[in-house]
Amino acid sequence: MLPWKRLLRPLAALLLTATVAVVPATAAQAADAPSRGWNDYSCKPSAAHPRPVVLVHGTFANSVDNWLALAPYLESRDYCVFSFDYGQLSGVPLFYGLGPIDKSAEQLKAFVDKVLTATGAAETDLVGHSQGGLMPRYYLRFLGGAVKVNALVGIAPDNHGTTLSGLTNLLPYFPGVQDLLSTHTPALADQVVGSAFLTKLNEGGDTVPGVKYTVLATQYDEVVTPYRSQFLSGSGVHNVLLQDLCPLDLSEHVAIGLFDRIAFHEVANALDPAHATATTCASALS
């Protein structure tokens with residue numbers, strides 16, 4: 001029989017494969033991102049877009065590969081755009097978002113403060129993919145982020161955890177696996193339905209006052225299941241199913257965050273609702 005630690009690898013890869021495994025890991029650090037608009041600390045928000053946008057990558061992703069399409073999309077629309085790496089594990093390069101989510105939220109807090117100081121803005125907007133849409137909610141609720149954030153846009157966020165089509169329901173039948181997940185990849189264990197982290201986060205409601213929330217989901221999501229568990233309840237919430245806007249959109253969990261311009265159009269609408277335009281299948285060409 002294989003040792004449990006060797007069995008952990010395929011299970012962890014299967015659990016929340018919110019991955020960029022299909023995307024070449026071409027860049028290691030956000031410092032290598034394009035210098036104009038994206039991680040340009042001399043960028044000053046315009047009157048039209050007065051808040052910098054902080055992009056929060058997902059599990060197994062990083063601050064560059066997750067945003068090779070969305071960051072330029074927003075930068076070309078005159079936003080100051082920033083991204084950062086979080087949730088690093090010792091000895092694991094390029095693939096981040098694996099550490100305890102509450103600790104990752106502390107990294108987000110520090111990064112937001114850095115961006116606000118550099119840009120002179122009073123607030124920021126956050127856009128996150130997968131875990132990147134979930135983790136900021138801890139920052140907003142427990143780390144004082146609500147006074148520094150105007151809006152949170154979650155792209156396929158696992159706001160209430162995932163069963164991965166029921167796979168995680170099997171964990172109780174394999175003694176020791178849950179402990180190994182917590183020890184070696186804490187973020188994965190935190191995102192399983194019913195985890196202590198999710199119980200604490202969602203206790204008392206999904207939202208905090210003063211922040212606008214947008215959730216973008218796809219019915220073809222194979223990672224955060226069931227897909228409607230991504231939606232939030234509460235004031236200031238706008239839940240969007242992409243197929244209601246474009247029935248032809250076949251994006252699944254990875255594609256919706258990496259290159260789906262229909263989703264990107266909805267992100268832009270959420271960031272600037274006063275100038276929002278209807279999102280349709282034609283938005284893929286905009």
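In which sense do E4 and E5 pair, and over how many bridges? They pair in the parallel sense, over five bridges. Two strands count as paired if DSSP finds at least two bridges between them. This is a predicted model, where local features need pLDDT of at least 70, side-chain atom pairs count only at pLDDT 80 or more, and totals for chains, interfaces and linings use all residues. Residues are numbered from 1 along each chain as its sequence is written, and side-chain values use heavy atoms, with hydrogens and water left out.

**Terms for the elements**

- Helices (H or I, at least four residues) and strands (E, at least two) are DSSP runs, numbered from the N terminus.
- Buried means under 20% relative accessible area, exposed means over 50%, and partly exposed lies in between (1.4 Å probe, protein chains only).

**Strands E4, E5 and E6**

- Strand E4 covers residues 149–155, and strand E5 covers 212–217.
- Five of the six residues of E5 are buried, so E5 is largely enclosed by the rest of the structure.

**Helix H3**

- Helix H3 runs over residues 101–119, which makes 19 residues.
- The expected span of a helix is 1.5 Å times one less than its number of residues.
- For H3 that gives 27 Å, and the end C-alpha atoms are 27 Å apart, so the two agree.
- The buried residues of H3 are Ile101, Ser104, Ala105, Leu108, Phe111, Val112, Val115, Leu116, Ala118 and Thr119.
- They cover an arc of only 155 degrees around the axis, which puts them on the same side of H3.
- The arc is that of the directions from the helix axis to the C-beta atoms.
- An α-helix has 3.6 residues a turn, so residues three or four places apart point the same way.
- What covers the buried residues of H3 includes strands E1 (53–56), E2 (81–84) and E3 (124–129).
- The cover also includes helices H4 (131–142), H6 (186–190) and H7 (196–202).
- After H3 comes Gly120, with a positive phi near 80 degrees.

**Ser104, a residue of H3**

- Ser104 sits in helix H3.
- Ser104 is buried, at a relative accessible area of 1%.
- Leaving out residues up to four places away in sequence, Ser104 touches Tyr86, Gly87, Gly99 and Met135.
- Contact means heavy atoms within 4.5 Å.

**The loop between E4 and H5**

- Ala156 is found in the loop between E4 and helix H5 (177–184).
- Phi of Ala156 is positive, near 50 degrees, although Ala156 is not a glycine.
- Is Ala156 buried or exposed? Ala156 is buried, with a relative accessible area of 0%.
- Ser165 lies in the loop between E4 and H5.
- Phi of Ser165 is positive too, near 55 degrees, in a residue other than glycine.
- Ser165 is exposed, with a relative accessible area of 63%.

**His184 in H5**

- His184 belongs to helix H5.
- At 31% relative accessibility, His184 counts as partly exposed.
- His184 and Leu98 are 86 residues apart along the chain, and 8.6 Å separates their C-alpha atoms.

**A cis peptide bond**

- Which form does the peptide bond from Thr225 to Pro226 take? The bond is cis, with omega near -10 degrees.
- Pro226 lies in the loop between E5 and strand E6 (237–241).
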